[in-house]
Amino acid sequence: RMWNAEARQLVLEAASSGLCAECLSPVQKVIVLVRAYLPILIAVVVIVLIPSAYRCSKRALLSSRFIRLVILLTVLYFSYRAVYVYLNPPINVENFLKYQSYGPGALQELAESGDAEAQFLLGRMYFYGLGVDRDRDRGAIYLSMSTLQGHDVSRGVCVQEGIGVKKNVNFSIIHFEDAATQNHPAALTYLAGFYFFGMSVDQNRTRAVELLQQASDQGYGFAMTSLGDCYYRGEGVEKSYEEAMKLYRSAAALGLAMGQNSLGQCYRFGHGVEQDLEEAKRLFKLAAAQKYGPAITNLKSVEDESSEVVEDSV
């Protein structure tokens, strides 16, 4: 957890930049400053006053202002940590599942109020360009804000992507495993990726499917789409277009662009459902409106194919 110093610096730089008004509420600025500087203040007090402590007798030392000040600062720091974590639990699966369908505006309002799940979702949205114009710097700020609250999924993403720390994919799995013990669906989905591709662990696609199923059962759209892909291709599970369709449909109902695009592909090629190009186009348009690249490409392809058919009939 030593890398937090750099993550703090990233957020503090945002507090003094043009992003300050958008990304940090007044309460968050105070929290970040306290977390950043209280340990430093304690260290300064120790360094300044310890020489005088050597010149004191044991009794004088125990009754000195130095000891009382250090105890007071330590109690204040840990009291702050306990109260803040109690008021803002970093892992909240119920909120995460509720927020997964929110747009950037609603998420930003929650993120600025200090909600760690909203900060994680908004940070991931900007960092990877999911439904918004990609802005890695802004995404890194929100992910760091969530990480500073102890959100293990955000911490795993930061370590995996090198935000505030040297990039280390092998080490990031530790944080995803921590969050997975709390049954966080995003952590389960990230872990599934490690097992599916054999990153940092022995490849085990059956285990990956089990983890995706756990996350899907909670109603997590990304996991539903990924599990649908496994059924669609027959990877780690017996191939079934029908099962894939059910999962894609559930993800699309949540407004997830990936789910809408995959469902559109099923209608486009008649996999697990009767072929319907108009329905495929409708779904591609919904996903393309969220700036999902594959859907934009698929929509153009279907429209080109339709125009060719019209020309041939003429």
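Biologist: Where is the place of Asn 183?

Modeller: Asn 183 sits in the loop between H11 and H12, where helices (H or I, at least four residues) and strands (E, at least two) are DSSP runs numbered from the N terminus. This is a predicted model, in which local features need pLDDT of at least 70 and side-chain atom pairs count only at pLDDT 80 or more, whereas totals for chains, interfaces and linings use all residues. Residues are numbered from 1 along each chain as its sequence is written, and side-chain values use heavy atoms, with hydrogens and water left out.

Biologist: What is the phi of Asn 183 near?

Modeller: As a general idea, most residues other than glycine have a negative phi, and most peptide bonds are trans. In this structure, phi of Asn 183 is near 60°, a positive value in a residue other than glycine. Ser 200 also has a positive phi, near 70°, and Ser 200 lies in the loop between H12 and helix H13 (205–217).

Biologist: What do Asn 183 and Ser 200 count as in accessibility?

Modeller: The reading rests on relative accessible area, where buried means under 20%, exposed over 50% and partly exposed in between (1.4 Å probe, protein chains only). Asn 183, at 33% relative accessibility, counts as partly exposed, and Ser 200 is partly exposed with a relative accessible area of 36%.

Biologist: Where is the place of Gly 162, and what phi does Gly 162 take?

Modeller: Gly 162 belongs to the loop between helix H10 (152–161) and H11, and just after H10 this glycine takes a positive phi of about 75°. Gly 162 is partly exposed, with a relative accessible area of 31%, and its C-alpha atom is separated by 9.6 Å from that of Ala 140, which is 22 residues apart from Gly 162 along the chain. H10 itself is mostly covered, nine of its ten residues being buried, including Asp 152, Arg 155 and Cys 158.

Biologist: At what angle do H11 and H12 pack?

Modeller: Two packed helices are described by the angle between their axes and the distance between the axes. The axes are lines fitted to C-alpha atoms, for helices over the stretch in contact, and the angles run from 0 to 180 degrees between N-to-C directions. Helix H11 (residues 169–180) and helix H12 (residues 185–197) pack at about 140°, with their axes 8 Å apart. That makes H11 oblique to H12, given that angles under 35 degrees count as roughly parallel, over 145 as roughly antiparallel, 65 to 115 as roughly perpendicular and the rest as oblique. The crossing of H11 and H12 is left-handed, a term used if the near helix is turned anticlockwise from the far one by less than a right angle, with right-handed used if clockwise.

Biologist: Which residues in H11 meet which in H12?

Modeller: Contact means heavy atoms within 4.5 Å. Val 169, Ser 172, Ile 173, Phe 176, Glu 177, Ala 179 and Ala 180 in H11 meet Ala 187, Leu 188, Tyr 190, Leu 191 and Phe 194 in H12. By class, this contact of H11 with H12 has ten nonpolar, one polar and one charged residues, where Ala, Val, Leu, Ile, Met, Phe, Trp, Tyr, Cys and Pro count as nonpolar, Asp, Glu, Lys and Arg as charged, and the others, Gly among them, as polar.

Biologist: At what angle do H16 and H17 pack?

Modeller: Helix H16 (residues 257–269) and helix H17 (residues 277–288) pack at about 165°, with their axes 8 Å apart, and the two are therefore roughly antiparallel to each other. The crossing of H16 and H17 is left-handed. Among the residues making the contact are Leu 263 and Tyr 267 of H16 and Leu 283 and Phe 284 of H17, and by class the contact of H16 with H17 has nine nonpolar, four polar and two charged residues.

Biologist: How many aromatic pairs does the count come to?

Modeller: A pair of aromatic rings is described by the distance of the centres and the angle of the planes. Rings of Phe, Tyr and Trp (its six-membered ring) pair if their centres lie within 6.5 Å, and planes under 30 degrees apart count as stacked, over 60 as edge-to-face and the rest as tilted. By this rule the count comes to eleven aromatic pairs. Phe 127 and Tyr 128 form an edge-to-face pair, at 5.2 Å centre to centre and 80° between the planes; Phe 127 counts as buried at 3% relative accessibility, whereas Tyr 128 is partly exposed at 27%.
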